[in-house]
Amino acid sequence: MPKRKLDPLPSSAFQILLALAGEDLHGYGIMRQVAEQTEGRMRLGPGTLYSSIQTLLEAKLIEELEEREEREGESSSGARRRYYRLTGAGRKLARSEAERLADLLRVARAKKILRGDYV
Amino acid sequence: MFEKIYSLLLRLYPSSFREKYGDEALQLFRDRVRDETGSWPSVRLWFDLLLDLAVSLPQEYLYLRPELVGARPLRSANGVPSFCFLESEPLRPAALLFGGLMSSMAILTFSILLSHPGRHAGTAAATVGQIDGESRISQSQSQQSDSSNTESEPNRRELGAIARMDAAERRRVVNSAATILGKYYVEPENGQRMAEALVAHEKRGDDDGGTNGTAFAALLTRQIREVNRDRHVTVEYSEAVLPERPVGPTAEEMTRYREMMKEQNCTFEDVRVHADNIGYLKLNSFPDVSVCRETAEQAIASVNEASAIIFDLRENRGGDPAMVMLVAAYLFDHPEYMYNPRENTTEQNWTHSPVPGSKLADKPVYILTSPSTFSAAEHFCYDLKMLRRALIVGETTAGAAHSGVWHRIDDHFGVGVPEKKAINPFSTADWAEVGVEPDVKVNADEALKVAEELANKKLRQK
């Protein structure tokens, strides 16, 4: 399988990395987490989601865990699901991407495009 | 139901993707359907899915492509090339069915295109026979179509042989055609020029590659007309073997013809006077005068009292020019010149008008036409239109003039050469190949209705 492009990191891939930063999640879990952290602006469809997951797996930024039952408290349909976990490399990439964005933000603020004092 | 639709949509993805994530994608779909209820969320769900499909599908296939390029095409064992599969699973029956359907459509399209190399004058001529005392193209072709009906089997085989023409055969046809043109064309100088042009084209190699008889004949016809724009010269190709020499109708055939004409009322299919006193004659050919004079005279006499006349020639397949003259004579109160490209201009071209007792000479005349209106019927239409004696209503006619004398080259090729000069007082062109344009263009099916309306309007004005 050829290497898929992760440079620059697509926003969907970055969001998935961020979603997995907190805990291991299955596909639907990732989708919901991404929707939550973007305030509903990004709802990953199955095609984009699994295509991104595939890319991240190939780049060893995330890893696949054994299939298992859903944890309690999650919307349960009783099905066995495949969970994904952020790897060390993934965490590192997510951090560097976040820093890059922070740099961008600083520039934007310096140019008075953005106001406010967050970041 | 929705799940089924989505699982069908999922099939659009490459199999490697489906294999790995198909179930999960479907699961995700189920989860969303379960969680996002209500009309707005479900609309949003489908919007998301379709957008996702549009974005991620090309991406997935894009990822597949480098694989194609990267794959070594020949992983041959001992020099024997082997096939590589792009998909790892066997083909679905639906895919096979679709592929089969597309291939058969492609083959069908190709074969249709092959058998229709373009419109050529021969097609129309070959389909309809015509009775014509002399040895004209139309007649020999009607015999061709007869013979091709009865002995189509051997002819088909013959066609297979002739369809692949070689250079020697082309040269033979060209030389024969050139000789005939030089010898018989009505204007010897032009005949010579046409002949020289044909031979020059052949020598330059312009005819190379002409392996299809019909297309080759059309090519030669074009080359001739480049030199001399005479639409009555044609080179024709016939699939069926052409008869050795065009023979006139035998006594037996004449007897059969007489019987047929008697049975069909000399092809006057319908003769009556409609409401509003409009005479209607549906005439499906111009039958031989020697056989049908009396019937024709009776038919016309029966509408003699009408205030207007409609000739329905929509299914008229042509026939005897003398019958054209006989019918037309009723419509004039003085002898009128009827141009006919088939004849030398003689006394025969003048109608024997006035016809004693005819009250039709000053009545409005309408002629209904269709693309099937053929040959002698077009002669009738053309002259009455040019003389402004009739209003033509319907569609453009077939365009069969066939004024040439038929010269056989070999079993399949022949040349029609005009050997007579007729004076056309109306125009330089006649109806050869272009047909007679109606004055009132309407669908042939509606022509009768329109003509009746026009006639009624005209009669009311009086």
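## Backbone sites

Glu39(A) is placed in the loop between α2 (27-37) and α3 (46-58) of chain A; helices (H or I, at least four residues) and strands (E, at least two) are DSSP runs, numbered from the N terminus. The model is a predicted one: local features need pLDDT of at least 70, side-chain atom pairs count only at pLDDT 80 or more, and totals for chains, interfaces and linings use all residues. Residues are numbered from 1 along each chain as its sequence is written, while chains are lettered from A and ligands numbered from 1 in the order in which they are written.

Although Glu39(A) is not a glycine, its phi is positive, at about 55 degrees. Most residues other than glycine have a negative phi, and most peptide bonds are trans. Glu39(A) counts as exposed because it has 7 C-beta neighbours inside 10 Å; a residue is buried if 20 or more other C-beta atoms lie within 10 Å of its own, exposed if 12 or fewer, and partly exposed in between, with C-beta atoms placed from the backbone.

Asn277(B) also has a positive phi, near 60 degrees. The loop between β2 (268-274) and β3 of chain B holds Asn277(B), which is partly exposed, with 14 other C-beta atoms within 10 Å. A cis peptide bond, with omega about -5 degrees, links Ser353(B) to Pro354(B); Pro354(B) belongs to the loop between α13 and β5 of chain B.

## The sheet in chain A

In chain A, three strands make an open antiparallel sheet in the order β1-β5-β2; two strands pair if DSSP finds at least two bridges between them. The edges are β1 (25-26) and β2 (62-64) of chain A, each with a single partner strand, so one side of each has no neighbour in the sheet. β2(A) is joined to β5 (residues 83-86) of chain A by three bridges, and Ile62(A) has Leu86(A) as its bridge partner.

## Nonpolar cores

The largest nonpolar core has 54 residues, of which Ile367(B) and Leu368(B) touch the most other members. Such a core is a set of buried Ala, Val, Leu, Ile, Met, Phe, Trp, Tyr and Cys residues joined through C-beta atoms within 7 Å. α13(B) contributes the most to this core, with seven residues. Apart from it lies another core, of 31 residues, including Leu56(A), Ala94(A), Tyr13(B) and Leu28(B).
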